[in-house]
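Please read this note with the model open beside it. The points below are numbered so that each can be checked in turn.

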Amino acid sequence: MMYTVLDDRKKAEQIKAYMEAHPGAIRKQIYRECHITRYRAKMLEDQGLVKLPLPLTNKQSLMKARKKSSMLFYL
């Protein structure tokens with residue numbers, strides 16, 4: 001699918017607004033909430049329209065998953 005410059009700018013503004021509202025958001029949350037794919041996000045980042053947070057390392061994602069599952073145990 002071909003995107004116009006206007007489409008790219010609108011999506012970039014949507015991503016920036018989401019990131020300002022949720023400063024601790026990770027890439028996966030941004031993709032899901034802004035309805036974009038990783039490919040589209042990379043295109044926008046390569047064009048210089050947005051600056052996404054760095055991807056999580058394996059250790060960080062494992063720690064996040066453990067924290068989430070341990071919280072479910074107490075609920």
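This is a predicted model: local features need pLDDT of at least 70, side-chain atom pairs count only at pLDDT 80 or more; totals for chains, interfaces and linings use all residues.

1. Helices (H or I, at least four residues) and strands (E, at least two) are DSSP runs, numbered from the N terminus. In these terms the elements of the protein chain run α-α-α-α from the N terminus on. The chain has four helices and zero strands.

2. Residues are numbered from 1 along each chain as its sequence is written, and side-chain values use heavy atoms, with hydrogens and water left out.

3. Confidence is given as pLDDT, the predictor's confidence in each residue, from 0 to 100. The protein chain has a mean pLDDT of 84, and 81% of its residues reach 70 or more. Helix α1 (residues 5-21) has the highest confidence, at a mean of 94, and helix α4 (residues 58-74) the lowest, at 63.

4. How much of the chain is buried? A residue is called buried under 20% relative accessible area, exposed over 50%, and partly exposed in between (1.4 Å probe, protein chains only). Of the 75 residues in the protein chain, 21% are buried. The chain exposes about 6,300 Å², and carbon and sulfur atoms supply 60% of that area; the areas come from the Shrake-Rupley method with a 1.4 Å probe, and for residues only the protein chains shown count as cover.

5. Helix α2 (residues 27-34) has I30, Y31 and C34 as its buried residues. Seen down the axis of α2, these residues fall within an arc of 100 degrees, so they line one face of the helix; the arc is that of the directions from the helix axis to the C-beta atoms. Their cover includes α1 and α3 (38-47), where contact means heavy atoms within 4.5 Å. After α2 comes H35, with a positive phi near 55 degrees.

6. I15 belongs to helix α1 and is buried, at 0% relative accessibility. Leaving aside residues up to four places away in sequence, I15 touches I30, C34, I36, L44, V50 and L52. I15 and C34 are 19 residues apart in sequence, yet their C-alpha atoms are 6.3 Å apart in space. For the chain as a whole, among contacts between residues at least 6 apart in sequence, 57% join residues at least 24 apart.

7. Side chains of opposite charge can pair when their charged atoms come close. A salt bridge here is a side-chain nitrogen of Lys or Arg within 4 Å of a carboxyl oxygen of Asp or Glu. By this rule there are three salt bridges.

8. One of these joins D8 to R40, with the closest N and O atoms 3.1 Å apart. D8 lies in helix α1 and R40 in helix α3, so the pair ties together parts that are 32 residues apart in sequence. D8 is buried at 6% relative accessibility, and R40 is buried with a relative accessible area of 6%.

9. E45 pairs with R27, the closest N and O atoms being 3.7 Å apart. This pair links distant parts of the chain, with E45 in helix α3 and R27 in helix α2, 18 residues apart. E45 is partly exposed, at 22% relative accessible area.

10. K42 and D46 also form a salt bridge, with the closest N and O atoms 3.4 Å apart. Both residues lie in helix α3, four residues apart, or about one turn of the helix. D46 is exposed, at 58% relative accessibility.
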